[in-house]
Every structure is written in C-alpha cells, then in structure tokens.
Amino acid sequence: MSLRDQLMSDLKTAMKAGESARVTTIRMITAKLKDVEIAGRAKGAEGLSDEEGVSALRGMIKSRVESATMYRDAGRPELADKEEAEIAVIRAYLPPEMDDASLAGAVQAAVAESGATSIKEMGKVMAVLKGRFGAGLDMARASAAVKALLG
C-alpha cells in the first residue's frame, strides 16, 4: 500500500472514530505531500517518490519540534503538547529509524569507504550515507555520529 493510500485509509478511519486532531494532522500531511508533488511537476518529475515523501515528513517533524521548543520556552505547554501530538501522528508514516548501534556501524562503514580521516572530509562521508540510505536515514543523527567519529 502506498503512502497516499495509507493516509486516505487512516483518514477515513479517524473520521469515523471522531478523532478530530488526527484527522487534522493527516489532512496536513496530505496537503504537504501534494505541495511537494506539484513542485516536482514544475521540475518535470512524474508523481511523488517515496524518498521525497519521507523527506517532506521529516521536514514537518523538524518544524514541529522547533515550534514545540519555542512554545515550551514561552510558557505555552498546551500548544507544545499539540505540536508533539502531531509529531507522533507524522512519525507513524515514516520508516522505522535505525537504532544507535546500526547507525554507528553504517557511519563506520561509510568512513572506511570514503577514506575520510578528519572532520574536514565529513561531506564525503555524508554523501556515501545519503547514497546508501537516501531519505530513510535521519541526516541530523547521522551528522552527529560522523562528527563524533571524525572529531
């Protein structure tokens, strides 16, 4: 089942169950994916690839994490809780993340493959990781692991 089909199925289920917050979040996800698809058409792309969809979802999570942090700092926990609830719904549509041990192994393999020896060559390692895992890898976590290994 494609991501879009899964979203539509879950939207119907949430609507029948009366879960208004989940319905709203799923509609936001479908709107974002539609925007990405339309932007891709302007570049000549046909449809929405899984990698583009995952990347869009990760971007949505990143912005909501930042918003939740700002809301907590501003003393608005109810808004932060809303953002965190949206994050939980969005994460359900992402592929499972690598655990720390798998990530460390992948980073070590990428460092060995690229021949990087210093932090200045971090870009080479990140390129190998992006080529191997694409959008399925959380690049922020990978970047921190590469920095720890090379730095």
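Colleague: How far does α3 reach from its first C-alpha to its last?

Modeller: This is a predicted model, in which local features need pLDDT of at least 70 and side-chain atom pairs count only at pLDDT 80 or more, while totals for chains, interfaces and linings use all residues. Residues are numbered from 1 along each chain as its sequence is written, and side-chain values use heavy atoms, with hydrogens and water left out. Helix α3 has 24 residues, for which 34 Å is expected at 1.5 Å a residue (the expected span is 1.5 Å times one less than the number of residues). The reach in the model is close to that figure, at 35 Å.

Colleague: Which helices are included in what covers the buried residues of α3?

Modeller: Buried means under 20% relative accessible area, exposed over 50%, and partly exposed in between, with a 1.4 Å probe and protein chains only. In α3 the buried residues are G53, V54, A56, L57, R58, M60, I61, R64 and A68. What covers these residues includes α1 (3–17), α2 and α4.

Colleague: Which residue with a positive phi follows α3?

Modeller: Helix α3 spans residues 50–73. With a positive phi, near 80°, the residue that follows the helix is G75.

Colleague: Is R58 buried or exposed?

Modeller: R58 sits in helix α3. Not counting residues up to four places away in sequence, R58 touches L94, E97, A135, G136, L137 and D138 (contact means heavy atoms within 4.5 Å). Because its relative accessibility is 16%, R58 counts as buried.

Colleague: Which residue's side chain makes a polar contact with the side chain of E97?

Modeller: E97 lies in the loop between α4 and α5 (100–114). With residues up to four places away in sequence left out, E97 touches R58, R91, D138 and R141. A polar contact is a pair of N or O atoms within 3.5 Å; within protein, one must be able to donate a hydrogen and the other to accept it, and residues adjacent in sequence count only if both atoms are side-chain atoms. At 3.3 Å, the side-chain partner of E97 is R141.

Colleague: Why does E97 count as partly exposed?

Modeller: E97 is placed in a loop, between α4 and α5. E97 counts as partly exposed because its relative accessibility is 38%.

Colleague: Which helices are included in what covers the buried residues of α4?

Modeller: Helix α4 (residues 77–91) has 15 residues and reaches 21 Å, close to the 21 Å expected at 1.5 Å a residue. Its buried residues are A80, E83, E86, I87, V89 and I90. The cover over them includes α2 (20–42) and α3 (50–73).

Colleague: Which residues does S143 contact, leaving aside its neighbours within four places in sequence?

Modeller: S143 lies in helix α7. S143 is buried, with a relative accessible area of 16%. Leaving aside those neighbours, S143 is in contact with M122 and M126.

Colleague: What separates the C-alpha atoms of K147 and V107?

Modeller: K147 is found in helix α7 (residues 139–150) and is partly exposed, with a relative accessible area of 46%. Beyond its neighbours within four places in sequence, K147 is in contact with I119 and M122. K147 and V107 are 40 residues apart along the chain, and their C-alpha atoms are separated by 10.0 Å.

Colleague: What is the relative accessible area of E19?

Modeller: E19 is in the loop between α1 and α2. Its C-alpha atom is separated from that of G53, 34 residues away along the chain, by 24 Å. E19 is partly exposed, with a relative accessible area of 38%.

Colleague: How many helices are there in the protein chain?

Modeller: Helices (H or I, at least four residues) and strands (E, at least two) are DSSP runs, numbered from the N terminus. Along the sequence the pattern is α-α-α-α-α-α-α. The chain has zero strands, and its helices number seven.

Colleague: What share of the 151 residues is buried?

Modeller: The C-alpha atoms fill a box of roughly 55 × 45 × 30 Å along the principal axes. Among contacts between residues at least 6 apart in sequence, 55% join residues at least 24 apart. Of the 151 residues in the protein chain, the buried ones make up 32%.

Colleague: How far apart do the centres of the positive and negative side chains lie?

Modeller: Lys and Arg count as positive and Asp and Glu as negative, without His or the chain ends; each charge is placed at NZ of Lys, CZ of Arg, CG of Asp or CD of Glu. The chain has 22 positive and 22 negative side chains. The centres of the two sets are separated by 3 Å.
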